[in-house]
Amino acid sequence: RFQQVQSMMYELMEWRSQLLSGTLPKDELKELKQKVTSKIDYGNKILELDLIVRDEDGNILDPDKTSVISLFHAHEEATNKITERIKEEMSKDQPDYASYSRMSSSPTHSLYVFVRNFVCRIGEDAELFMSLYDPQKLTIISENYLVRWGSRGFPKEIDMLNNLKVVFTDLGNKDLSRDKIYLVCQIVRVGRMDLRDSNSKKYTQGLRRPFGVAG
């Protein structure tokens, strides 16, 4: 039972990293949240903890705002789902400890980055691409994290101010053994062909041109 719960915890931690990364599309994000809540409910059941009833989006139902009949049906539905899940697990010939074995043989690490500010006099909108870079092999070892920055010195999505966070996941022991790893930021200017063109002149808009790089 300990190994079973340990394997489930490794899965939950991996899924949590994916949720915090903020890179998942809306449909995949919803599907992953449902997998997380289903795994938590299943774990509570096998540990003989209280059953938590949820709505279709995985949110916990508020007993003060939900009718008794709705709560009863939610309990019935949750119990049936968990019972079916337990039967599926028991029907397997061997327990599935693949995640535990993978984590033990090849542990993964994550790098959390919080972008507080970007200071560069451009005069137009910009796109910032942040990634991890190996200077010896001259190669990028992660996906890009995109931040759209406005010409006034704030993020294009103003609601993302002080909330620009990213988690670079799936970094293994091989990555930690590298001599150096740089966090590289590529700057792309979005706007006119030439910054010297005035707004009164006719010019092509929305052009993406490399502007700078920082590490």
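I count a salt bridge where a side-chain nitrogen of Lys or Arg lies within 4 Å of a carboxyl oxygen of Asp or Glu. The model I am reading is predicted.

**Entry: salt bridges**

I searched the whole structure and found five salt bridges.

I began with Lys156 and Asp125, whose side chains meet in a salt bridge at 2.9 Å, N to O. This pair links distant parts of the chain: Lys156 is in the loop between S4 and strand S5 (164-171), Asp125 is in strand S2, and 31 residues separate them. Lys156 is partly exposed, with a relative accessible area of 47%. Asp125 has 25% relative accessibility, so I put Asp125 down as partly exposed too.

I went on to Arg208, which forms a salt bridge with Glu127; the closest N and O atoms are 2.7 Å apart. Arg208 belongs to strand S7 (residues 207-214) and Glu127 to strand S2, so this pair ties together parts 81 residues apart in sequence.

Arg189 and Glu124 form another salt bridge, with 2.7 Å between the closest N and O atoms. Here too the pair links distant parts of the chain, with Arg189 in strand S6 and Glu124 in the loop between S1 and S2, 65 residues apart. I noted both Arg189 and Glu124 as buried.

**Entry: surroundings of Arg189**

I stayed with Arg189, which has its place in strand S6 (residues 182-191). Its relative accessible area is 7%, so I list Arg189 as buried: the cut-off is under 20%. The side chains of Arg189 and Glu124 are also joined by a polar contact of 2.7 Å. Which residues touch Arg189, leaving aside its neighbours within four places in sequence? I listed Ile122, Glu124, Asp125, Leu195, Leu207, Arg208, Arg209 and Phe211.

**Entry: Arg121**

I looked up Arg121 in the loop between S1 and S2. Arg121 is exposed, with a relative accessible area of 83%. I took the C-alpha to C-alpha distance from Arg121 to Gly153 and got 8.7 Å, for residues 32 apart in sequence.

**Entry: aromatic rings**

My search for aromatic pairs returned a count of one. The pair is Phe118 with Trp149, 5.8 Å centre to centre with 75° between the planes, and is edge-to-face. The angle is over 60 degrees, which means edge-to-face by the cut-off. Phe118 sits in the loop between strand S1 (109-115) and strand S2 (125-134), and Trp149 in strand S4 (residues 145-149), so the pair ties together parts 31 residues apart in sequence. Phe118 and Trp149 are buried.

I also noted a charge over a ring: Lys165 lies over the face of Phe114, 5.5 Å from the ring centre.

**Entry: helix H2**

I checked the length of helix H2 (residues 26-46). At 1.5 Å a residue, its 21 residues should span 30 Å, and the end C-alpha atoms are 31 Å apart, which agrees. Which residues of H2 are buried? I listed Leu32, Val36, Thr37, Lys39, Asp41, Tyr42, Gly43, Asn44 and Ile46. After H2 comes Glu48, with a positive phi near 60°.

How values were computed:
Residues numbered from 1 in each chain as written. Predicted model: local features only at pLDDT ≥ 70, side-chain atom pairs only at ≥ 80, totals over all residues. Heavy atoms only, no water. Phe/Tyr/Trp six-rings, centres within 6.5 Å; stacked < 30°, edge-to-face > 60°. Helix = DSSP H or I, 4+ residues; strand = E, 2+ residues; numbered from the N terminus. Buried < 20%, exposed > 50% of the residue type's maximum accessible area, 1.4 Å probe, protein only. Lys NZ or Arg CZ within 6 Å of the ring centre and 35° of its normal. Expected span 1.5 Å × (residues − 1). Polar contact = N/O pair within 3.5 Å; in protein donor to acceptor, adjacent residues only side chain to side chain. Contact = heavy atoms within 4.5 Å.
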